[in-house]
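Here's a quick briefing to read with the structure open beside you. Take it topic by topic and follow along on screen.

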Amino acid sequence: MTSVGDRAEAWRRRAMSLLLWLLYIFLYAPILYVIYASFSVDIVWPFPPSFTTDAYAELFDNALYADALANSLLIGLGSGAVSTLLATAGVIGVLRYPSRHRGLILIAFLAPLFVAELLIGISSLAFNARLLGLPGNLFSAIAANAVEGTAFAFLIILAQLVRYDWQMDDAAMVFGAAPVRCFWEVTLPTIWPSLLGAFLISFILAFNNLEISFYNLGAIPTLPSVAWGSLRFGLGPELFALAALTNGLVFVLFAVMYVLMRTGIVRFGYRGG
Amino acid sequence: MAGADLKTASLSLQSVSRHFGPIRAVDGIDLDIGQDEFFSLLGPSGSGKTTLLRIIAGLERPSAGRVRVAGQDVTELPPYKRRIGMVFQNFLLFPHKTVAENIVFPLRMQNVARAARDERLRWAMKLLRLEGLAARYPNELSGGQQQRVSLARGLIARPAMLLLDEPLANLDRELRAEMEVEIRRYQKELNIPFVYVTHNQEEALTMSDRIAVMRGGVFEQVGPRDDVYRRPKTEFVATFVGQSNRLSGFVETVKNGAVAFAWQGHTLHVPHQGDIAAGDKAQFLIKYEDIEVAGAAGKGRSDHRSGNSLEGRLRDIIFKGQTANYIVSLANGAELIASASSRDHKVGIGEAVSLRWPETSGMCFRS
Amino acid sequence: MKRFPPLLLLAGPGILFILVTLILPLAAIFMFSFWRTESYELYADWNLDNYRTLMREPAYLVFLLRSGLGALATSLICLIYAWPVAYFIARHGGRYRLLLVLLLAAPFFTGVILRIAALQGILGPGGLINMALGILGFQPIAALMYTQTAATIGHVYLFIPFMVTAIYLSLVNFNFDLLETAKVNGAGPLRAFIEVTWPLNWIGTAIGIVLVFIPCLASAVTPRFLGGPRATSFGMSLGQQFGETGTWALGSAMGVVLFLASLAVLALMGLTVNLKRSGFTGMGTR
């Protein structure tokens, strides 16, 4: 026996989940297309299907792609590390030590969210090149990418840590843990999922960033800039192959995560029943 | 008033059950509550009392059974069509609305005209002594004030009844005692039934006309508050309500409803509940205040021939304010506690005392 | 020895970093916008010519309006679609909540250019949709090929995860029990949403709108690919000043305009937020 209200509720729920799955299809269709096209003989007119793994062979032969991948990884890891470090310290500072400047600190950390990547790219290019006289290099690219990364990391960590009970840290300190020790023993084990999330997001943003990196690197290749550069002659199938490999790795990671969640080995911060 | 007549019942539950998989949170509850009753659902956590309240509110659907409010079957009605008031444990005030906006919320949902709304608001603010707080936000109020706003919101729309889910659990002791008296006063003034869920027996006893003691999804006992307190029907009720000494022994004889109870070499004459026969293992529970402590000086006066009497030594006195608990060690090594006024204790710690109580006190259950 | 205030120690480095890598460069282009470029070199003779050019040439205004309208449309579509999705994940996602959200972010592992190229491969003339239509004997959908509509679809594709995540993060901190209170007090599902859920999650929603609107306003790659010849956006034109044409001073002025436009949107959204009425009770104040 279900009432009208219950049935309406069930319908709403079903409609919402349908919207979610449609969104996933929309988001992943191009990804699947990339994977499909990476095996195609003709990447511009991939239909009807005809398969080859040439793109993968060329990918591993061509030093340009290895270079671009290495640079992209460096920028991603560097920017992810800088972002997560700065943002974590900032969030803990803001949450633990109330101050009348709190609003100002928040605005400072979140400001990059509201400045377009293009603007960050051209302004740091102009600043570095014309005022400091520095040519584009990996460090300036890491720094410029970390601006945006820090803001995203700050937002993600803040959203999670607002609910953190700092009395746990007080307890640890009462029992003799110095602040740094307390962070390692008590705070970090509790908050690591949000730090990991923040690192991942800032890594991805920097790894695949075109506009910030492009203006800060000059001739140094990254994956997005190689893609951008090859546009004039049509996209290289090697890029599709590389993207397919990246996505394969990501899907494996997600599958592992799903299994871990399913079996309840790791809960990723979920505390419900 | 031992159970309201079905015709005048404001709330009537008929074999209401709620099963979560194999768990029977609420299991076949029948209940009628009258128009002028303050009714409490008392039980430990997990006893199903909150689920039952949520079923009455319409927030939870019963797996079986019917819910009637003022004669109308509301089982199929969603909560927002039931016209009841509810006060939640953590107040659940809308943080983005002012005190006044929170309180008039139910009236706005019923599309009551502004003038009438303002008039009701003034009434509710006065009733709950919230004058001057109308423009504040919930996070600018003290716990007690939030509780009053929550009550005002529950009462403003003249609901058919008010449901209260452990509303005092988050208040400090003093405030709780004050609110207990207040809440009962509102119920008597407004003359609508209040259904009050609590795990705190003191609250239930202070405020209620009738109490249902709940465990494992069923009622252990339903009755007027002194019945539940003085004449517990089950061992669980006797343990849960009030503070009792527990004596484990066995039944020697049963005669005319009176039990001769054998306990560590003594024979006590006690009343009983339920089926019981000679030779049964049994528990005897007697409330602290039912035992009288007397100095050994009164030993010669044996005018208590019809009652029970035990000799021992006063080990300690736990001072409680108006009353005190007297911890008495008996010769057999057991300890019994008696409660009496703290003012006139004439016995000192370490002195010999005798413990007495009439044959009608306490209750014996088969274990 | 004077003790260093811990807040400064913790938040200081981040603020300093943002000052050096964001605020100073922005100040630099503000300065350059009053300079002059001649054959790829900047000269510090102060003037307003760049702004005069921007106002005189209708093309720039057209670019800005086109980008603005596109950003508005994208934000609205994302807003309407993202709400039920975020609500579903927050309310019914259970233990898979995090996974469901990460699945929205995973496409970012593939670069923007590749995804847009793939989207073109699906929407474009030789693409999946129009080819399927052709095989079935229908006319191809012209609106999907090199139009503003195609660019908007691309923008929604790129930025809707931001909107869903922003609303989701707000909803997971929302006390759904308040909805029960509203219902007991006579509010139906729709009324409860309007009275309670929406206002209490407005800040998160507003952040989502800004996070979609601003990159859309500055977008250069997407319209270039999907938009066709008549979709030149403000961002495309701005990028050209720093690339092909090398007119950095004019580009800086465009950057300033873009920044001010973003700031105006931010301010507009800020005006709709009443902190007292947001249910915002401060953060972890102890």
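This is a predicted model: local features need pLDDT of at least 70, side-chain atom pairs count only at pLDDT 80 or more; totals for chains, interfaces and linings use all residues.

Chain B has 367 residues, and 54% of them are buried.

**Chain B overall**

- Along the principal axes, the C-alpha atoms of chain B fill a box of roughly 75 × 45 × 35 Å.
- If you take the contacts in chain B between residues at least 6 apart in sequence, 67% of them join residues at least 24 apart.
- The accessible surface of chain B is about 16,500 Å², and carbon and sulfur atoms account for 48% of that.
- On the charge side, chain B carries 48 positive and 42 negative side chains. The centres of those two sets sit 4 Å apart.

**The five-stranded sheet in chain B**

- This one is an open sheet with antiparallel pairing, and its strand order is E13-E12-E11-E14-E20 (chain B).
- Its edges are strand E13 (266-271) and strand E20 (363-366) of chain B, each of which pairs on one side only.
- Ignoring direction, neighbouring strands in this sheet are turned by 45° against each other on average.
- Inside the sheet, strand E11 (residues 244-255) and strand E12 (residues 258-263) of chain B run antiparallel and are joined by five bridges.

**The four-stranded sheet in chain B**

- Here the order is E2-E1-E4-E5 (chain B), again in an open sheet with antiparallel pairing.
- Strand E2 (23-34) and strand E5 (72-73) of chain B form the edges, with each pairing on one side only.
- Strand E4 (residues 64-69) of chain B pairs with E5(B) in the antiparallel sense, over two bridges.
- Across that pairing, B:Arg68 stands opposite B:Asp73 in E5(B).
- Helix H1 (residues 49-57) of chain B packs on this sheet and touches strand E1 (9-20), E2 and E4 of chain B. The direction of H1 makes about 120° with that of E1(B).

**Two loop residues with positive phi**

- B:Phe91 isn't a glycine, yet its phi is positive, near 70°.
- You'll find B:Phe91 in the loop between strand E6 (85-87) and helix H2 (99-109) of chain B.
- Is B:Phe91 buried or exposed? B:Phe91 counts as buried because its relative accessible area is 7%, below the 20% cut-off.
- B:Asn111 also has a positive phi, about 55°, without being a glycine.
- B:Asn111 lies in the loop between H2 and helix H3 (114-127) of chain B.
- With a relative accessible area of 63%, B:Asn111 is over the 50% cut-off, so this residue counts as exposed.

**Helix H4 in chain A**

- Which residues of helix H4 (residues 102-110) of chain A are buried? They are A:Arg102, A:Ile105, A:Leu106, A:Ala108, A:Phe109 and A:Leu110.
- The cover over the buried residues of H4(A) includes helix H3 (63-96) and helix H6 (138-161) from chain A. Helix H1 (6-32) of chain C is also part of that cover.

Notes. Residues are numbered from 1 along each chain as its sequence is written. Chains are lettered from A and ligands numbered from 1 in the order in which they are written. Side-chain values use heavy atoms; hydrogens and water are left out. Buried means under 20% relative accessible area, exposed over 50%, partly exposed in between (1.4 Å probe, protein chains only). Contact means heavy atoms within 4.5 Å. Accessible areas come from the Shrake-Rupley method with a 1.4 Å probe; for residues, only the protein chains shown count as cover. Lys and Arg count as positive and Asp and Glu as negative; His and the chain ends are not counted. The place of a charge is taken as NZ of Lys, CZ of Arg, CG of Asp or CD of Glu. Two strands pair if DSSP finds at least two bridges between them. Axes are lines fitted to C-alpha atoms, for helices over the stretch in contact, and angles run from 0 to 180 degrees between N-to-C directions.
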